[in-house]
Amino acid sequence: MITTVILNIMKKFSVSMLSLLFAGILLTGCKKVFDLQPQDQLDHANAYQNVYDADAAVLGIYGKFMGLADRYVILNELRGDLLDYTANANEELRQVSTHTVTAGNPYADPRPFYEVIINCNDALENFKIMVANKKMTEAEFNQRYSDIGALRSFLYLQLGIHFGEIPYVTSSLKNVDEVKNTANFPRLKFNILLDSLISFTAALPYKDFYPSGSNLNLTVDGYQTQKFYINKKIMLADLYLWKGDYLQAASWYRQVMEYATTAYGFGEEYYSVYRIGWAGNSNHYVSYSRAGDASTLVYNDGWRIIFEQPFGSRSSTMEWIWALPFDSKFKPDNSLIKLFSPVGGNYLVKPSQEVFDLWDGETQLPPPTGTNVPPMLPLPYDARKLLSTATINGQPVAMKYLYNYINYATMAPFDPLAKNGKWFLYRQSHMHMRFIEAANRSGKHRLSWGLWNNGIAGAYPAPTSDVTLYHNTLTESYPFNFDARNSGNSGVPYYRADWYRNIGIRTRANLSSVAIAASDSLIAIEDGIIKEGALENAFEGTRWPDLVRVALRRNDPAFLADKIYNKLLKDGSGNAAAVRTKLMDPANWYLPFNW
């Protein structure tokens, strides 16, 4: 349905809301905001006159942000150990994978990030002017200012992760090249940058999801827009995690983990959204139609459809926190199909042998047995391998970004010209592992183990049907006080607590729990969840940041260097040992800041 809000935007810009989003309409400079005029867009003198102009600016910035999708994946995954380049890759991609980036490599160019940042700065300044001149209400200002401010913090965190020492520019500029003037914009070390980002992001006035029906949360052109926008609480939690303030990080993650408590009435969503919880419908389990029969792995439901279901579906509602759509009817083109697909794309990157070995090193849960069914051995691999990758024309393919373009059953495009898809930026399993990381570092090892493995109730089992004193951590203070009590239908007293459906990341993936000795639980759990991040979130843009963050925290370069060495060695790189030696110096984790 096209709402009054969209009609107003269309009247002003003669394009739909999604046209604004996908076009990436904002230019780099602050003096000229819109590119084409007058039929499509407005010049800067006529922009920012009312809240609809402000919405157009927000959408335009996100449109330009979408142009970073392939760069984001390349920097965060190809620099790590789960993605490798193909024979089709150019020298620049090979350099990224082997940590031999030289001056002039376009992936070591910070300018594309700063172009979006300068757009953000321009919008933030104009939003302040608008609210001062009563061209938007304070409530409208709070939402839009907070959104673009949090997106800017996300971009700066990415720059800090990959370049280490960068200029922190918070003003609009006539030309993005002014950023390289170190006299005006001195470079901040990553740890100091984090302080600035935390201070700014914590002060943002609006951090919640946008309410349904508001200007920024609509269904238009078939897309439900709520998940388009960055989650401010997650952004702040990530910053605190990087800084090592684990209590604050866990507190902000917990708020999003319990979003359903206030967003939904009692039912599937209440107990399942963002809780890694089972549901009567839209389960995201790894499962089989015949227990123990590997050939009956379920593809048309469960874990794989996380990456296929449309925005607004129950499945996407339960899993995704932040994602953006590529639509063939709009620009920009789907750069992730170009990157990953051997059909209709350029097939430049592929899964590494290392990630296959990690999946193959797991063991699934034993199949259930019945009266006439003898015990069967558990399958000796992680089935997420088969749901995350495929073989097409004899080549290994990372499939997560391709399931809206390539039919999983035929491995042929639904429509070769309709290169639709999504850019996945954050989902519930990603958030849970970050919460576990913070909880584990806060000394809550048993809770961390349960959320990672077989759920809260599994970590705190009850010996009888009376679960009054079990299935919970209510003796802990917030944010570590969870109630997962479930007494069953005949239990007395009767319990169905908010977290009773939580099953843990590994149980959802049909994997056996990992045994951890109490004497080394902190490091063992941290090692385990970083490995689990590879198994669960491979190719989604989390890997290099996870490796850097833990290696920095431990002051242990080998934690990172060994994993890159293993990838390069297994994929036949001749300089694996030299790269390991190089990465033993943390200064070499960062790209050269070449403008």
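**Ground rules.** I am working with a predicted model, where local features need pLDDT of at least 70, side-chain atom pairs count only at pLDDT 80 or more, and totals for chains, interfaces and linings use all residues. Residues are numbered from 1 along each chain as its sequence is written, and side-chain values use heavy atoms, with hydrogens and water left out.

**Core.** I started with the largest nonpolar core, which has 177 residues. I take a nonpolar core as a set of buried Ala, Val, Leu, Ile, Met, Phe, Trp, Tyr and Cys residues joined through side-chain atoms within 4.5 Å. Buried is under 20% relative accessible area, exposed is over 50%, and partly exposed is in between (1.4 Å probe, protein chains only). Which members touch the most others? Phe65 and Phe127 do. Helix α7 (residues 138-163) gives the most to this core, 12 residues. Helices (H or I, at least four residues) and strands (E, at least two) are DSSP runs, numbered from the N terminus.

I then listed the partners of Phe65, with contact meaning heavy atoms within 4.5 Å. Leaving aside neighbours within four places in sequence, Phe65 is in contact with Val116, Leu151, Phe154, Leu155, Trp322, Leu324, Trp423 and Leu425. In soluble globular proteins, nonpolar side chains tend to be buried together.

**α7 and α9.** Next I checked how α7 packs with helix α9 (residues 232-243). The angle is about 30°, and the axes are 10 Å apart. Axes are lines fitted to C-alpha atoms, for helices over the stretch in contact, and angles run from 0 to 180 degrees between N-to-C directions. Angles under 35 degrees count as roughly parallel, over 145 as roughly antiparallel, 65 to 115 as roughly perpendicular and the rest as oblique. The pair α7 and α9 is therefore roughly parallel. From α7, the contact uses Ser146, Asp147, Ala150, Ser153, Phe154, Leu157 and Ile161. From α9, Lys232, Met235, Leu239 and Trp242 take part. By class, I find 7 nonpolar, 2 polar and 2 charged residues in this contact. For classes, Ala, Val, Leu, Ile, Met, Phe, Trp, Tyr, Cys and Pro count as nonpolar, Asp, Glu, Lys and Arg as charged, and the others, Gly among them, as polar.

**α17 and α22.** Helix α17 (residues 428-441) packs with helix α22 (residues 543-554) at about 10°, with axes 13 Å apart. That makes the two roughly parallel. Arg434, Glu437 and Arg441 of α17 meet Asp546, Arg549, Val550, Arg553 and Arg554 of α22. The contact has 1 nonpolar, no polar and 7 charged residues.

**α21 and α22.** Is this pair roughly parallel or antiparallel? The axes come within 10 Å and cross at roughly 165°. That makes α21 roughly antiparallel to α22. Ile523, Glu526, Asp527, Ile530 and Ala534 in α21 meet Arg543, Asp546, Leu547, Val550, Arg553 and Arg554 in α22. This contact has 5 nonpolar, no polar and 6 charged residues.

**α15.** In helix α15 (residues 353-360), I find Glu354, Val355, Phe356, Leu358 and Trp359 buried. These buried residues pack against several elements, including β7 (349-351), β8 (389-392) and α21 (521-537).

**Ala390.** Ala390 is in strand β8. Its relative accessible area is 12%, so Ala390 is buried. Not counting residues up to four places away in sequence, Ala390 touches Gln395, Pro396, Val397, Met399 and Met411. The C-alpha atoms of Ala390 and Lys400 are 9.9 Å apart, at 10 residues along the chain.

**Cis peptides.** I logged the bond from Lys331 to Pro332 as cis, with omega near 0°. Pro332 sits in the loop between β6 (320-326) and α14 (335-340). The bond from Tyr478 to Pro479 is cis too, with omega near 10°. Pro479 lies in the loop between α19 (456-459) and α20 (505-508).

**Positive phi.** His99 has phi near 55°, a positive value in a residue other than glycine. The loop between α5 (91-98) and α6 (111-132) holds His99. At 5% relative accessibility, His99 counts as buried. For His471, phi is near 60°, again positive in a residue other than glycine. His471 lies in the loop between α19 and α20. Buried or exposed? His471 counts as buried, at 11% relative accessibility.
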